[in-house]
Amino acid sequence: MEQTFARRYRLTKTDEFSSVFGFRKAIRGKLLMLHYQPRASGSDDPRLGVVVAKKLLKRSVDRNKVKRIIREQFRCQRVNLPACDLVVRLAVKPAPLDGKLLASDFLALIDKLRRPRPKREE
């Protein structure tokens, strides 16, 4: 397994983030919100973007810690993910910044993403 977060696995441009947010599909967890959009059929790799608002975490050290934790979990789970663009954002301010809680919340969101949703009957 690669030990890096290569450029092909990242969302880098503002347009890429905007298209994922514009697709309007999201899954909410305890602390995080996962926005996703399926990729075109030609690409197999999932890509990740992370957004941590300064409004929720004032200190850059804390914002960077959240990003590091999410990127590491993504790197470990990347082979099991479908080909889609993911944007993870912090939804609520964590009282104590707990890395294990963030990691487990992200893994729960990934698990929900992989699970097929049952269709609602009308």
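## The Asp111–Arg115 pair

At 37% relative accessibility, Asp111 counts as partly exposed, a class that lies between buried (under 20% relative accessible area) and exposed (over 50%), computed with a 1.4 Å probe on protein chains only. Asp111 forms a salt bridge with Arg115, and the closest N and O atoms of the two are 3.1 Å apart. A salt bridge here is a side-chain nitrogen of Lys or Arg within 4 Å of a carboxyl oxygen of Asp or Glu. Arg115 is likewise partly exposed, with a relative accessible area of 48%.

## Basis of the description

The model is predicted: local features need pLDDT of at least 70, side-chain atom pairs count only at pLDDT 80 or more, and totals for chains, interfaces and linings use all residues. Residues are numbered from 1 along each chain as its sequence is written, and side-chain values use heavy atoms, with hydrogens and water left out.

## Salt bridges across the structure

Side chains of opposite charge can pair when their charged atoms come close. A search of the whole structure finds seven salt bridges. One of them joins Arg47 and Asp85, with a distance of 2.9 Å from N to O. This pair links distant parts of the chain, since Arg47 lies in strand β3 (residues 47-51) and Asp85 in strand β4 (residues 84-90), 38 residues apart. Helices (H or I, at least four residues) and strands (E, at least two) are DSSP runs, numbered from the N terminus. Arg47 is buried at a relative accessible area of 14%, and Asp85 is buried at 6%. The two residues also belong to a network of salt bridges that links Glu16, Arg39, Arg47 and Asp85.

Another salt bridge connects Arg75 with Glu72, where the closest N and O atoms are 2.7 Å apart. Both residues lie in helix α2 (residues 60-77), three residues apart, about one turn of the helix. Arg75 counts as buried at 9% relative accessibility, whereas Glu72 is partly exposed at 36%.

## Surroundings of Asp85

The side chain of Asp85 makes a polar contact with the side chain of Arg47 at 2.9 Å. A polar contact is a pair of N or O atoms within 3.5 Å; within protein, one must be able to donate a hydrogen and the other to accept it, and residues adjacent in sequence count only if both atoms are side-chain atoms.

Leaving aside residues up to four places away in sequence, Asp85 touches Leu11, Val20, His35, Tyr36, Gln37, Arg39 and Arg47, where contact means heavy atoms within 4.5 Å.

## Strand pairing

Strand β2 (residues 32-38) is mostly covered, with six of its seven residues buried. Strand β4 is largely enclosed by the rest of the structure, because six of its seven residues are buried. β2 and β4 pair in the antiparallel sense over seven bridges; two strands are taken to pair if DSSP finds at least two bridges between them. Within this pairing, Leu34 stands opposite Val88 in β4, and the bridge partner of Leu32 in β4 is Leu90.

Strand β1 (residues 26-28) pairs with β2 in the antiparallel sense over three bridges, and a hairpin joins β1 to β2 through three residues. Ile27 stands opposite Leu34 in β2. By contrast, β3 and β4 pair in the parallel sense over five bridges, and Val51 has Arg89 as its bridge partner in β4.

## Aromatic rings

The structure holds zero aromatic pairs. Rings of Phe, Tyr and Trp (its six-membered ring) pair if their centres lie within 6.5 Å, with planes under 30 degrees apart counted as stacked, over 60 as edge-to-face and the rest as tilted. The charged end of Arg78, however, sits over the ring of Tyr9, 3.9 Å from its centre. This description applies if NZ of Lys or CZ of Arg is within 6 Å of the ring centre and within 35 degrees of the ring normal.

Arg24 is in the loop between α1 (14-23) and β1. Phi of Arg24 is near 65°, a positive value in a residue other than glycine. Most residues other than glycine have a negative phi. Arg24 is exposed, with a relative accessible area of 74%.

Lys13 is found in the segment before α1 and is exposed, with a relative accessible area of 54%. The C-alpha atoms of Lys13 and Arg75 are separated by 20 Å, and these residues are 62 residues apart along the chain.
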